[in-house]
Amino acid sequence: MPVDKSYIGKSGEPVTMHIERGKIREFARAIKDEDPLYFDEDRARREAGGIMPPVTFLQTLSHWDDGRGRLKLPFDLKRVLHGEQEYEFLKPIYAGDALTAVSRIVDIYEKPGRRGGTMTFAVTETEYKNQRGELVARARAVGIETGQVVKD
Amino acid sequence: MPTTPYWDDVKEGQTLPEVRVDKLTRTDFVKYAGASGDFNPIHHDQTFAEASGNPTVFAMGMLNASILSRVVTSFAGRPAVRSYKVRFATRAWPGDDVICRGTVTRKFERDGEKLVEGELVAVNQKGETLISGSFVAALPARA
């Protein structure tokens, strides 16, 4: 079933995520990063202006999204792959910030799968603004629904 | 953490220090699920993974991408990162190693910042590419 292209251009509702120290520590541990800038507040303040979240931390938006922030495409979870992910950082983000994220589907397209079936690609862009309304980051994700269950 | 390098001292073609995680475990996947909020059962639920046609659970692409991002942060420091981009190639399974490498490809200036651009790759113990990627980081200039 081809995915409805009328999703293109639609945005989810804004989602506010709080950048928390404890969650930064948990995330840094999960990615096995022992950089003291994630753990030592005094040192982080001196060297970085505060504790900054790891590069890929904005992925934790899903903890704050009750489902309304992200437009749910009718993709089969058993056949979904993450194709690409990109982050652009425009201003520093620190523990204690409250970011508001808005996600928009910017493209949906199809390609024939190498092993039969049709692959559907969905491109989502998310903008993150801080509590002062400053645009601090942008993310771009490409999700793929494969034509059949994924085999490497 | 090593001191942030000066932009002037970085060379195009320069190799960045390797970052590696040996022998991923299912516990690693569960820790990353809790940290990130990615609870797609295909990464932690054996029954669901098998029903999806997979021999077992596999790592979230973003776990591997997070490990790969450490090549950039351990070289330039987290505050320096201006952009980070990855493309997922193949999957990592329990027991696999994630070996991450980077190379500086370009030095340039933009909006008054001294920047370096580089290529990144994460491979498994068989040399298969898990992720390819790129980054831009801002570095201090010598006075």
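Me: Let's begin with Lys23(B), where is it found?

Reply: Lys23(B) is found in the loop that runs between β1 (15–21) and α1 of chain B. Please keep in mind that this is a predicted model, and that every value I give you is computed from it.

Me: And what is phi like at Lys23(B)?

Reply: Phi of Lys23(B) is near 50°, which is a positive value in a residue other than glycine.

Me: Is Lys23(B) buried or exposed?

Reply: Lys23(B) counts as exposed, because it has 11 C-beta neighbours inside 10 Å, and a residue is called exposed if that number is 12 or fewer.

Me: Which residue sits in the turn of the hairpin formed by β3(B) and β4(B)?

Reply: Asp111(B) is in that turn, where 2 residues lie between the two strands of the hairpin, and its phi is positive, at about 50°, although Asp111(B) is not a glycine. With 6 C-beta neighbours inside 10 Å, Asp111(B) counts as exposed.

Me: How many bridges hold β3(B) and β4(B) together?

Reply: β3(B) and β4(B) pair in the antiparallel sense over 11 bridges.

Me: What about β1(B) and β3(B), how do they pair?

Reply: β1(B) and β3(B) are also an antiparallel pair, in this case with 5 bridges, and Arg20(B) has Ile99(B) in β3(B) as its bridge partner.

Me: What order do the strands of the open sheet follow?

Reply: The open sheet has 10 strands with antiparallel pairing, and the order is β1(A)-β3(A)-β4(A)-β5(A)-β2(A)-β2(B)-β5(B)-β4(B)-β3(B)-β1(B), which takes in strands of chain A and of chain B. β1 (15–18) of chain A and β1 of chain B stand at the edges with a single partner strand each, so one side of each is left without a neighbour in the sheet. On average, and with direction ignored, neighbouring strands of this sheet are turned by 20° against each other.

Me: Then what happens between β2 of chain A and β2(B)?

Reply: Strand β2 (residues 80–89) of chain A pairs with β2(B) in the antiparallel sense over 5 bridges. Glu84(A) stands opposite Arg87(B) in β2(B).

Me: How many residues does each chain give to the contact?

Reply: Chain B gives 34 residues and chain A gives 32 residues. On the side of chain B that touches chain A, α1 (26–36), α3 (61–76) and β2 (81–88) of chain B each supply at least two residues, and the largest share, 10 residues, comes from α3(B). The residues on that side of chain B divide into 14 nonpolar, 12 polar and 8 charged.

Me: So how much of α3(B) is buried?

Reply: α3(B) is mostly covered, with 16 of its 16 residues buried.

Me: Why does the span of α3(B) agree with what it should be?

Reply: The 16 residues of α3(B) should span 22 Å at 1.5 Å a residue, and its end C-alpha atoms are 23 Å apart, which agrees. The helix is followed by Gly77(B), whose phi is positive, near 90°.

Me: Which members of the largest nonpolar core touch the most other members?

Reply: Of the 65 residues in that core, Ile67(B), Leu68(B), Val72(B), Val81(B) and Ala137(B) touch the most other members. The largest share of the core, 9 residues, comes from α3(B).

Me: What is Leu68(B) in contact with, leaving aside its neighbours within four places in sequence?

Reply: With those set aside, Leu68(B) is in contact with Val86(B), Cys100(B), Leu120(B), Ala122(B), Ile131(B) and Gly133(B).

Me: Last topic, what helices and strands are there in chain A?

Reply: Chain A has 2 helices and 5 strands, and from the N terminus on its elements run β-α-α-β-β-β-β. The C-alpha trace of chain A spans about 55 × 35 × 25 Å along its principal axes, and buried residues make up 29% of its 152 residues.

Methods:
Residues are numbered from 1 along each chain as its sequence is written. Chains are lettered from A and ligands numbered from 1 in the order in which they are written. This is a predicted model: local features need pLDDT of at least 70, side-chain atom pairs count only at pLDDT 80 or more; totals for chains, interfaces and linings use all residues. Two residues are in contact if their C-beta atoms, placed from the backbone, lie within 7 Å. Helices (H or I, at least four residues) and strands (E, at least two) are DSSP runs, numbered from the N terminus. Ala, Val, Leu, Ile, Met, Phe, Trp, Tyr, Cys and Pro count as nonpolar, Asp, Glu, Lys and Arg as charged, and the others, Gly among them, as polar. Two strands pair if DSSP finds at least two bridges between them. A residue is buried if 20 or more other C-beta atoms lie within 10 Å of its own, exposed if 12 or fewer, and partly exposed in between; C-beta atoms are placed from the backbone. The expected span of a helix is 1.5 Å times one less than its number of residues. A nonpolar core is a set of buried Ala, Val, Leu, Ile, Met, Phe, Trp, Tyr and Cys residues joined through C-beta atoms within 7 Å. Axes are lines fitted to C-alpha atoms, for helices over the stretch in contact, and angles run from 0 to 180 degrees between N-to-C directions.
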